[in-house]
Amino acid sequence: MADGEQCPRCGKELVVHGSFPSRGLRFGFRPEELRLFSLSFQFPEVPLSRSMAACAACGLVWAQLDAAALRQKLYDLGNADVRRRLGLLEGE
């Protein structure tokens with residue numbers, strides 16, 4: 001994550017990079033900044049809406065997810081850096 005990177009839609013600097021895993025039964029957004037070894041019974045992916053869009057000129061692809069679900073996933077499974085950057089630490 002580059003410091004100061006802004007969301008192209010809302011302009012906030014709360015951008016989280018990740019991927020769309022191509023294997024398995026679940027499809028969703030998997031944030032990169034998860035703790036390496038954490039015991040959890042929850043899956044790391046945040047479900048995406050079925051509606052996705054793409055720009056035929058530049059190749060940008062986007063989808064919608066529940067922002068509260070992403071914040072909760074990063075609060076539960078995120079590493080200390082992403083939790084600090086997004087203001088998700090205890091007492092903040």
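Q: Which residues make up the largest nonpolar core?
A: This is a predicted model in which local features need pLDDT of at least 70 and side-chain atom pairs count only at pLDDT 80 or more, while totals for chains, interfaces and linings use all residues. Residues are numbered from 1 along each chain as its sequence is written, and side-chain values use heavy atoms, without hydrogens and water. A nonpolar core joins buried Ala, Val, Leu, Ile, Met, Phe, Trp, Tyr and Cys residues through side-chain atoms within 4.5 Å, buried meaning under 20% relative accessible area with a 1.4 Å probe and protein chains only. The 11 residues of the largest one are V16, F29, L34, V46, L48, L70, L74, L77, V82, L86 and L88.

Q: Which element gives the largest share of this core?
A: Helices (H or I, at least four residues) and strands (E, at least two) are DSSP runs, numbered from the N terminus. Two or more residues of this core come from each of strand 3 (46–54) and helix 1. The largest share, three residues, belongs to helix 1.

Q: In what order do the strands of the open sheet lie?
A: Strands pair where DSSP finds at least two bridges between them. The open sheet has four strands with antiparallel pairing, in the order 1-2-3-4.

Q: Why is one side of strand 1 and of strand 4 left without a neighbour in the sheet?
A: Strand 1 and strand 4 stand at the edges of the sheet. One side of each is left without a neighbour because each has a single partner strand.

Q: How many bridges join strand 3 to strand 4?
A: The two strands run antiparallel. M52 lies opposite A63, and A54 faces V61. The number of bridges joining the two strands is four.

Q: Which residue in strand 3 is the bridge partner of G28?
A: Strand 2 (residues 28–31) pairs with strand 3 in the antiparallel sense, over two bridges. The partner of G28 in strand 3 is P47.

Q: Which residue takes a positive phi in the hairpin of strand 3 and strand 4?
A: Six residues lie between the two strands of this hairpin. The residue with a positive phi, near 90°, is G59.

Q: Which residues are the closest to the centre of the largest pocket?
A: A pocket is an open set of points on a 1 Å grid over the protein atoms alone where a 1.4 Å probe fits, with protein on both sides within 12 Å along at least five of seven lines; lining residues have an atom within 4 Å of a point. The largest pocket holds about 1300 Å³ of space, the volume filled by probe spheres set on the points, which are joined across faces, edges and corners. Of its 28 lining residues, the closest to the centre are C7, P8, V15, V16 and A63.

Terms used:
Buried < 20%, exposed > 50% of the residue type's maximum accessible area, 1.4 Å probe, protein only.
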